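Hello,

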Amino acid sequence: MMSNDFIHQAGFLHGGDYNPDQWLDRKDILEEDIRLMHQAHVNCVSVGIFSWTRMEPREGEYDFEWLDEVIDRLWKGGIHVILATPSGAKPAWMARRYPEVLRVNERRERLLFGERQNHCLTSPVYREKVRAIDTALAERYAAHPAVILWHISNEFGGTCHCENCQAAFRNWLRKKYGTLQELNRRWCTGVWNQWYTEWEQVESPSPLGEMSCVSLRVDWQRFMSETCADFIRMEKQAVQSAAVKLPVTANLMERFWDYDYFALAETLDVVSWDSYPEWHSGDDIARAAEFAMNHDIMRSLKKAPFLLMESTPSQVNWKNVNKLKKPGMHTLSSLQAVAHGSDSVQYFQWRKCVGGPETFHGAVVSHNNRADTRVFRDVTQVGEMLERLRPLAGTPVQAKVCIIFDWNCRWAVDFAQAGLKGQMRYFDTVNGHYRALWEQGISVDFCDMRACTDLEGYSLVIAPMLFMLRNDFEKKLKEYVSHGGTLVMSYFSGLVDDTDLAFMGDTPHGLTEVLGLRVEEMDALHPSERNHTMLYGKQYEIADLCELCVPEGAETMAAYQQDFYRGLPVITRNHYGEGQAYYIAARVEQAALNAFYGKLAGQLALRGHPFADLPRGVTVTVRGNCFFVQNYSGVQQTVHLPCTFTDTLEKTEKNGPVALEPNGILVLTRTTKEQNTELMIDKD
């Protein structure tokens, strides 16, 4: 949880990325910004993210006077600052003088100066320069009353394949495996005669060389994750070297693949992320479920409230189709983040720049410099709402369900040459299970297979496509079920170990007794092929992947209706110890998952809200004592309130049928004689 008193004193952070260094020749605009921020109920901005050359125009020569003036002006206006380290985009003078700081791509080509995150994380020169400017910033600003949080770099991503990285990778492998013989064994390099006889022969994956060894590719991703985490630790140490040690964050991203976010989160005091849903692109219900899952993953990284560091108040400019948010969607999507555990709503960006690649990216203040716009009114409304919800800031989200989402497993699934090569869709598969719970308003935590993962206390654990098992996680699942837990697993699980060696024996490895079955084969379907199954008296469609399972004690709940494996189980249930385990052997349609989890939720009493029979596209998220009733259906819906509630945004009482506009949201608390119209938040 954020170790900063400001959150608890002032409530939610509201503001965004502020780039005053683009306007140093316009003092009138800088003064006008403060007035407009007050009008929009902005209380915090992020400063300095891409300002390295302004701060250090020449090597070793720092210019902080402009930043002094900016931070002092903001603080005089009562606005707090999240101060960024500028390491996300290096100066041109550095790239020119020290070309070794530039990245080398997988084709072994050194990149030119430009873009962002185009630097080598292992470069001694780059680390030296970053450490120096970070230390200077800390010495100058850590004690400034305006500054409440360090923002490390910006949207870490990508990999470097330079000689520094190759040497570091080999050292990492030496520590992991000890000897080349052990590496060869764990990578099974005898296949295709890929034996290594000297450490210098090992290179990172490249289309010019080795790309087929999944063990190599997964270890490379692990190495780059640990390298990024080490870089963050280096920056954290630098900014916390001052007498005042402020908490540290780094803005993560949606659906992110490059690095293991559970590993990165261990280096951070506060998790934050940048959320850019593609609303109104076809199915807002599916999009809402996807981004609800993203929010819950971010909250789960540290089991604590997170910060929404970036979102757009209107549109972006980097997607193929850059749609505006329709009326209500800005409020709905902003409060969705709050409902799932965010303690902020921040934007990219405060003011539109007049040139460069993001000239037409959405901003609170557009090129017309007006406050009487639809976007500015939307932002102001969110700011007012966050002030009314102030007691909710800092409160956790309680969940009875945990879904296993593991970056190592994800990489292994994506690299696997099996089933639908390159199209196994790990994230989407997990999201399908998540969506079935989200539509019912059931809160969900996420965890991975780290040794420290604790499943105790969850009524339900779901492990979709747990292809790679590591840290003896199968033993944790077995113990969890035997002690009374309910487990749901799916196809393509328990097939390889942590270095991608296939398990010898029946699969899912170590869990056949728990599941009461073994898997013999998996059929991949062409895009035009379909199978079907019956569940609870209704037929559902199956696509993509079908496993052929042999029950060994498990009860068949649903079976295949076509092909040579007609009659084999699609969904099974098995009692083990004091608990039960379900197995879903095929990629069933979303409606089947909804029906399955609907029945299971009732049996396990998973719902944390009193609402029943919600219209399609309307869901409820619970945080503290607040019920966030959200309408993603695109049409007006009627919600029947089961009792009298207080509308915490309007400060009125509501009961009976209530109309919910398209993209509408209600934030309700129960009304009782003792509670009446006050917003009471349970902070335990």
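The notes below go through a pocket, a helix and some charged pairs.

Please keep in mind that this is a predicted model, in which local features need pLDDT of at least 70 and side-chain atom pairs count only at pLDDT 80 or more, while totals for chains, interfaces and linings use all residues. Residues are numbered from 1 along each chain as its sequence is written, and side-chain values use heavy atoms, with hydrogens and water left out.

The largest pocket has a volume of about 1100 Å³. A pocket here is an open set of points on a 1 Å grid over the protein atoms alone, where a 1.4 Å probe fits and where protein lies on both sides within 12 Å along at least five of seven lines; the volume is the space filled by probe spheres set on the points, which are joined across faces, edges and corners. The lining has 36 residues, of which Phe50, Arg116, Phe348, Pro357 and Glu358 are the closest to the centre of the pocket, a lining residue being one with an atom within 4 Å of a point.

Buried means under 20% relative accessible area, exposed means over 50%, and partly exposed lies in between (1.4 Å probe, protein chains only).

Over the whole structure, a search finds 42 salt bridges, each being a side-chain nitrogen of Lys or Arg within 4 Å of a carboxyl oxygen of Asp or Glu. Asp230 and Arg233 form one of them, at 3.8 Å from N to O, and because they are three residues apart in helix α9, they are separated by about one helical turn. Arg470 and Asp448 form another, with their closest N and O atoms 3.4 Å apart. Arg470 lies in the loop between β12 and α16 and Asp448 in the loop between β11 and β12, so this pair ties together parts that are 22 residues apart in sequence. Both Arg470 and Asp448 are buried, whereas Asp230 is partly exposed, at 32%.

Best wishes

Technical notes. Helices (H or I, at least four residues) and strands (E, at least two) are DSSP runs, numbered from the N terminus.
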